[in-house]
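This briefing is for a reader new to the structure.

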Amino acid sequence: MQKIYVQDLNKYLGKEISFSGFVDSIRDKKWVMFVILKDSTGKVQMTIEKSEEKNQKLLEIMNTLTVDSTIKVEGTLLKNEAVKLGQMEIIPQKIEVTSKAQPLPFDYNNLDGVNIDTRLDYRWLDLRNEKNRLVRQIESTLVMGMREFLYEQDFTEIHTPKLLGTASESGSEVFEVKYFDRLAYLAQSPQFYKQMAMAAGLSKIFEVAPAFRAENSNTNRHATEFTSFDIEFSYINSYEDVMELEENLLIAGLTKVKEKYGEKIKEVFGKEVIIPTKPFPKIKLEDLYKELHERYDYQIPSEDIGDMNAEAEKLTSKFAMEKYGHEFIFITGFAATKRAFYHMRDEKGELQGYDLIWRGMEITTGAQREHRYEEIVKNANEKGLKEDVKFYLEFFKYGCPPHGGFAIGVDRLTMLLLNLSGIKETQFLFRGPNRLNP
């Protein structure tokens with residue numbers, strides 16, 4: 001028999017059912033015992049009348065049981081308007097204990113004062129918290145919305161290798177792993193293989209998969225392993241085509257979330273799911289610097305000229321709301337020295353790419369890619385990478401259409417959507433410089 005979930009119980013009113021779940025609470029009254037059972041979709045009451053002789057064995061079982069144990073109940077599901085929890089109750093005939101819980105290290109229903117690292121040590125208990133479980137469901141819906149949009153646009157989902165024979169972007173930020181008699185590297189991104197798909201003629205592809213960054217960063221936005229939503233597509237006219245696709249993708253994902261969880265997000269997280277309007281505002285980096293200086297007396301540090309930093313990103317969101325009344329803003333005109341060699345440059349040497357800022361943080365770096373063999377070889381040489389990326393340069397020798405793409409960190413996107421304090425709260429299992437377990 002398939003598992004019956006709480007959310008579907010109303011289909012079985014008046015019927016004999018088998019229900020499995022966790023014991024959420026036990027209220028042992030003089031004449032009756034109320035047991036609240038739960039699964040991932042909600043809670044239901046089980047009622048055991050003490051006056052009935054046939055229930056004595058059931059009461060003995062429940063009297064030896066601890067909260068958070070799991071049981072399987074066979075009984076009748078009855079309508080009872082006096083029951084606050086769904087106006088229904090299970091009247092059991094048989095109870096089977098499937099696991100007995102030991103005392104918990106903390107109360108996951110009240111996480112105030114519980115250190116985040118203690119919670120992560122027992123992440124499987126931390127995720128029993130309804131709010132934390134809701135984060136997972138919302139992120140799943142967000143990804144589903146974006147996936148569905150791409151499938152409707154005839155994109156193909158691919159799966160690229162995460163073990164590479166050479167560093168994918170920068171040798172200073174990769175994890176080395178022993179690979180039989182030589183070294184391999186964990187992929188920082190699927191960038192090279194996304195572009196190989198373009199050279200193969202696949203035209204429109206995406207991937208949702210882990211990426212790895214060997215950055216010793218202990219911030220609320222960084223992780224050494226994260227989920228990246230990557231897109232690449234061909235026959236574009238400029239990077240503005242890439243920006244437009246990202247607008248549509250984000251609108252699709254956020255719309256799906258708002259439809260399913262909008263009211264719940266407002267209630268639990270105190271945050272409105274705002275569906276952005278098109279087009280998103282755009283500004284050149286040089287003009288943005290002037291705006292930030294004039295409005296907020298902010299001067300970009302010399303080492304960050306040609307790029308952004310965390311403080312500038314926060315102020316940029318403030319500026320976007322003040323000037324455009326918009327939560328999203330594209331920044332263009334970055335210095336080529338600050339970006340990867342595969343980003344296209346125009347005849348003036350200007351980078352054909354962008355960053356997208358949302359709620360005070362960069363969520364995307366996107367660009368038109370360099371697809372011309374001679375130009376990409378020149379760019380690689382300029383960065384001193386020719387031999388390291390020799391296999392990648394081969395992709396462009398035999399014809400490759402103009403293309404572009406971007407990547408979105410799913411964990412960071414969810415963090416900003418729900419106004420969470422950091423990426424440790426967002427990821428199913430966080431990985432950082434000081435955490436490899438559980």
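Which residue in β9 is the bridge partner of E176? The partner is Y185. This is a predicted model, in which local features need pLDDT of at least 70 and side-chain atom pairs count only at pLDDT 80 or more, while totals for chains, interfaces and linings use all residues. Residues are numbered from 1 along each chain as its sequence is written, and side-chain values use heavy atoms, with hydrogens and water left out.

**Strands and sheet**

- Helices (H or I, at least four residues) and strands (E, at least two) are DSSP runs, numbered from the N terminus.
- Strand β8 (residues 176–179) pairs with strand β9 (residues 182–186) in the antiparallel sense over four bridges; two strands pair if DSSP finds at least two bridges between them.
- Two residues separate β8 and β9 in a hairpin, and F180 in the turn has a positive phi of about 55 degrees.
- An open sheet of eight strands has the order β6-β10-β11-β16-β15-β14-β13-β12, with mixed pairing.
- At the edges of this sheet are β6 (156–157) and β12 (282–284), each of which pairs on one side only.
- Strands β10 (residues 204–212) and β11 (residues 225–234) run antiparallel and are joined by nine bridges.
- Opposite A211 stands F226 in β11.

- Beyond four places in sequence, F229 touches residues including V143, F206, F406 and V410, where contact means heavy atoms within 4.5 Å.

**L245**

- L245 is located in helix α6.
- L245 counts as buried because its relative accessible area is 11%, and buried means under 20%, exposed over 50% and partly exposed in between (1.4 Å probe, protein chains only).
- Leaving aside neighbours within four places in sequence, L245 is in contact with F149, F155, I231, F233 and F406.
- From L245 to F233 the separation is twelve residues in sequence and 9.8 Å in space, C-alpha to C-alpha.

**Partly exposed L163**

- L163 lies in strand β7 (residues 163–164).
- L163 is partly exposed because its relative accessibility is 43%.
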